[in-house]
There are 2 protein chains.
Amino acid sequence: MGTTEDGGDAEEAGAGVGAGLGAVPGAGLGAGAGEGAAEGASARLLKLFESHRLTPTQRRIAHCLVRRSADAPFLSSVEVAELAGVSQPSVTRFAVALGFDGYPALRRHLREVAPVRPGPEAAPYNEYQQAVHAEIENLRHLAALLADPAPVARAGAVLAASRPLPVLGLRAAGAQARGFAYFAAKVHPDVRLLDEGGTMFADRVDGAVRAGASALLCFALPRHPREVVEALTYARHAGLTVVTVADSAFAPVAACSDLLLPAAVGTGLAFDTACAPMLLGRVLLESMCDHLPDAQASLEEFDARAAARGLFTD
Amino acid sequence: MGTTEDGGDAEEAGAGVGAGLGAVPGAGLGAGAGEGAAEGASARLLKLFESHRLTPTQRRIAHCLVRRSADAPFLSSVEVAELAGVSQPSVTRFAVALGFDGYPALRRHLREVAPVRPGPEAAPYNEYQQAVHAEIENLRHLAALLADPAPVARAGAVLAASRPLPVLGLRAAGAQARGFAYFAAKVHPDVRLLDEGGTMFADRVDGAVRAGASALLCFALPRHPREVVEALTYARHAGLTVVTVADSAFAPVAACSDLLLPAAVGTGLAFDTACAPMLLGRVLLESMCDHLPDAQASLEEFDARAAARGLFTD
DNA sequence: TTGACTCTGCATGAATCCATGCAGCATTGG
DNA sequence: CCAATGCTGCATGGATTCATGCAGAGTCAA
């Protein structure tokens, strides 16, 4: 068991503190595109470390903390010791040497200085701005989700193949369904908006199925009406493939959907904001267009007619 | 059950879990920030959670883990419990429910699935992601605009004072108007949605004015129908104060609006995305609530009735 | 060479974290 | 209406992590 790794230790022994650490952030974190916060934190860490006289082992620990500044603030002293190739007590002594009460205190400090998640950099945002930023965060999640376009592509293919295409959205989600249907109708020959529940819903689903529908798109946003679950259940029994855009993968409609695409809603205001679901709907529409060969032609024809009628001001 | 987690075999206990883990590639990265890499894994996390039946508390934990996917893999069960607002044993039970041998095993799994270690990426965004980031930029502009809430406050006061309150949105903007009207009706006694133009529009404006309307809210998005300009002109001549949410301060409707609030639309996809206008609409609604003393009571009454009717699943 | 000094890992008590039995509460079905 | 079931938080024993005393090794100066 490697009790001592003096060989590895020696390589750093000669390096000055400032030099040895100063080279780190550029090499380790510079690649990360927008991680300015962490880099700034690294600079602060370096200041913290440089102002103390550190032993070779401690320098090694510091080096490790800077290099792994992303996750180091969450590791235990044992884990840091393993990563740095030192003993666990050395990590504790390192923390004490820097003036902390112990390793947990150092870790707390690292979490505050190098916030992985938020930027509590003096944010006097008002209520509205906070809501907007919360939605930005939701969109970030959506963007990350779209890194893999396969689910969207599958959904687009399924929806494009359905003639007619029923689009369901009840209550709060009605507006989303309507927005989708408005644009979808420009490229799809038969979009049927289902924004009312009740007994008529089954009739219209039956009608769509008789007309040849094979899939249904559902927007499901909180608060989730019980009716939506019933509607989807009916649609599936009628033989439709259900594609759902929901606020969460754990939404009540998940169980009665064949393909669920999550997009969080914003809850920072009195009423929910559905930016991400709307955007996801448009993305879905784009994907549908890829499976509708006549889409481009339809759009151009619409433009021509609109121009002829003087429909728009531009 | 393994006494120590260093066995390395503990986290493979669950069959389905192991499968989900095996599909982890090291390349799937999306967002620019360091946490983006971790978020890219949130899709895989969702898959993991989806395949299990979860209790409400467990869903909260899952939500928390997804939302904080950057640092959650390094938190203790106590910390996760605090973030999720549940008890610590619930976190342990959550891990067991997913097929792990305990919380440490789940944490190990999360660390492997969502490596914070940001790979050397020049991750080129795909088309969808570019559109999402463009909308994020729009929201940033909106947030900057909202630094001064005075215009929104003025608009909210004007709209709240109008009984009834006509809400206009034609064609593409119809969905926005509808979404606003749906929520507004919960706090305002008489919201009238005008989402159709034609000759009926003037009739309905006249009706609203006779009923006491003093203001009108208009959503104006591209492409701007000529009809909207005509409608607003008519509404102003009828004595209504026109508040407009438009995609630009230079929109064609600017000339016939008393108060114009700009919110850009996204044009990165085949069809426009109106995240910022939607958000601005909700902000406007929030501001309206501040001028409607009965708003809170109305909402609570609605909640009570909805609960009595079993309208929603939650 | 020798002595003093410093540094480091090992071992062990203290503190914290994790897992499980138990009781209270809500929901469902009869 | 009641019983049964499942879910959740509280309390507690076991396991892990942290902090500190101790001894060996290296360094430097006399």
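Predicted model: local features only at pLDDT ≥ 70, side-chain atom pairs only at ≥ 80, totals over all residues.
How many salt bridges are counted between chain A and chain B? The count is 3.

**First stop: a salt bridge.** Select Asp195(A) and Arg178(B). Their side chains meet in a salt bridge, with 3.1 Å from N to O. Between chain A and chain B there are also 14 residue pairs in polar contact, both residues being at pLDDT 80 or more.

**Second stop: the helices of chain A.** Next, select α9 (127–145), α11 (174–184), α13 (226–237), α14 (275–290) and α15 (295–309) of chain A; these elements each give two or more residues to the side that touches chain B. The largest share, 15 residues, comes from α9(A). By type, the residues on this side of chain A comprise 43 nonpolar, 14 polar and 23 charged.

**Third stop: the whole interface.** Now display both sides together: 80 residues of chain A are in contact with 87 residues of chain B. The area buried between the two chains is about 7,800 Å², and carbon and sulfur atoms give 63% of it. Select Tyr128(A), Phe250(A) and Phe271(A), which supply 11% of the area that chain A buries against chain B, more than any other three residues.

**Last stop: aromatic rings.** Over all chains, the structure holds 7 aromatic pairs. Select Tyr182(A) and Phe183(A) to view an edge-to-face pair, 5.1 Å centre to centre with 75° between the planes. Tyr182(A) counts as partly exposed because its relative accessibility is 21%, whereas Phe183(A), at 8%, counts as buried.

Key. Residues numbered from 1 in each chain as written. Chains lettered and ligands numbered in written order. Heavy atoms only, no water. Phe/Tyr/Trp six-rings, centres within 6.5 Å; stacked < 30°, edge-to-face > 60°. Buried < 20%, exposed > 50% of the residue type's maximum accessible area, 1.4 Å probe, protein only. Contact = heavy atoms within 4.5 Å. Buried area = accessible area lost by both parts, 1.4 Å probe. Salt bridge = Lys/Arg side-chain N within 4 Å of Asp/Glu carboxyl O. Polar contact = N/O pair within 3.5 Å; in protein donor to acceptor, adjacent residues only side chain to side chain. Helix = DSSP H or I, 4+ residues; strand = E, 2+ residues; numbered from the N terminus. Nonpolar A, V, L, I, M, F, W, Y, C, P; charged D, E, K, R; others polar.
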